[in-house]
Amino acid sequence: MKLSRRARRATLVTHIAFSAGWLGLSLALLALAVTAATTRQPDTVATSYRSMRVFTDWLILPLSLTTLTTGLVLSLGTPWGLLRHRWVLTKFCLTLAATTASIFAFRPEVSAAAARVTSGQPVESTIDLVLPPAVSLTTYVFITAVSVLKPWGLTRRGRNIRASAGKAVDAKGVRQTA
């Protein structure tokens with residue numbers, strides 16, 4: 001399946017916008033988690049965790065799933081392919097892992113913390129709420145660098161596809177000239 005130029009561009013713009021939104025969300029969640037972990041003001045702690053809950057309840061699902069879906073559409077609808085280049089496969093696997101962790105691990109943690117502070121109880125382990133957005137932020141910056149630099153060459157499948165098309169390539173996916 002090959003995307004038309006118009007569809008590719010629309011999907012790419014959507015992918016970049018939602019990816020940047022997800023990166024920004026991680027930065028905001030990290031700022032709120034650090035604020036909650038370092039302040040002695042109970043009102044500030046409660047407000048931080050409740051704000052985190054609003055962000056995770058309303059933004060994590062659409063941002064992560066749209067990023068994952070548009071990335072998959074772009075990889076399958078362009079010559080890059082999902083399994084042809086190591087950098088594309090790496091981006092997809094990291095995005096899938098981040099989406100899964102955000103939805104099924106981090107989001108429930110934030111909800112539990114917000115419920116605890118709302119009922120007047122302290123949050124026992126603040127590191128559990130600081131670490132995930134810090135890891136996410138680092139992951140998204142890495143994914144962005146991989147998108148720009150496109151390192152590592154072709155996968156074995158990519159080399160086989162290119163070789164069967166009559167274009168000789170070395171182990172790194174660099175075309176060989178005669």
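**Close-up views of the helices**

View A. Asp57 and Arg53 both belong to helix 2, four residues apart, about one turn of the helix. Helices here are DSSP runs (H or I, at least four residues), numbered from the N terminus. This is a predicted model: local features need pLDDT of at least 70, side-chain atom pairs count only at pLDDT 80 or more, and totals for chains, interfaces and linings use all residues. Residues are numbered from 1 along each chain as its sequence is written, and side-chain values use heavy atoms, with hydrogens and water left out. The side chains of Asp57 and Arg53 form a salt bridge (3.4 Å, N to O). The term means a side-chain nitrogen of Lys or Arg within 4 Å of a carboxyl oxygen of Asp or Glu. Side chains of opposite charge can pair when their charged atoms come close. The whole structure holds three salt bridges.

**View B. Helix 1 meets helix 2.** Helix 1 covers residues 5–38 and helix 2 covers residues 42–77. Their axes come within 8 Å and cross at roughly 155°. That makes helix 1 roughly antiparallel to helix 2. Axes are lines fitted to C-alpha atoms, for helices over the stretch in contact, and angles run from 0 to 180 degrees between N-to-C directions. Angles over 145 degrees count as roughly antiparallel. Helix 1 passes helix 2 in a left-handed crossing; here the near helix is turned anticlockwise from the far one by less than a right angle. The contact has 19 nonpolar, 15 polar and one charged residues. Ala, Val, Leu, Ile, Met, Phe, Trp, Tyr, Cys and Pro count as nonpolar, Asp, Glu, Lys and Arg as charged, and the others, Gly among them, as polar.

**View C. Helix 2 packs with helix 3.** The angle is about 160°, and the axes lie 9 Å apart. Helix 2 is therefore roughly antiparallel to helix 3. The crossing is left-handed. Its contact residues divide into 18 nonpolar, nine polar and four charged.

**View D. Helix 3 bends at Ser102.** The bend is about 40°, taken between axes fitted to the seven residues ending there and the seven starting there. Just after helix 3, Gly120 has a positive phi of about 85°.

**View E. Helix 3 crosses helix 4 (residues 127–149).** Their axes come within 10 Å, at roughly 160°. The two helices are therefore roughly antiparallel. Their crossing is left-handed.

Definitions and conventions:
Angles under 35 degrees count as roughly parallel, over 145 as roughly antiparallel, 65 to 115 as roughly perpendicular and the rest as oblique.
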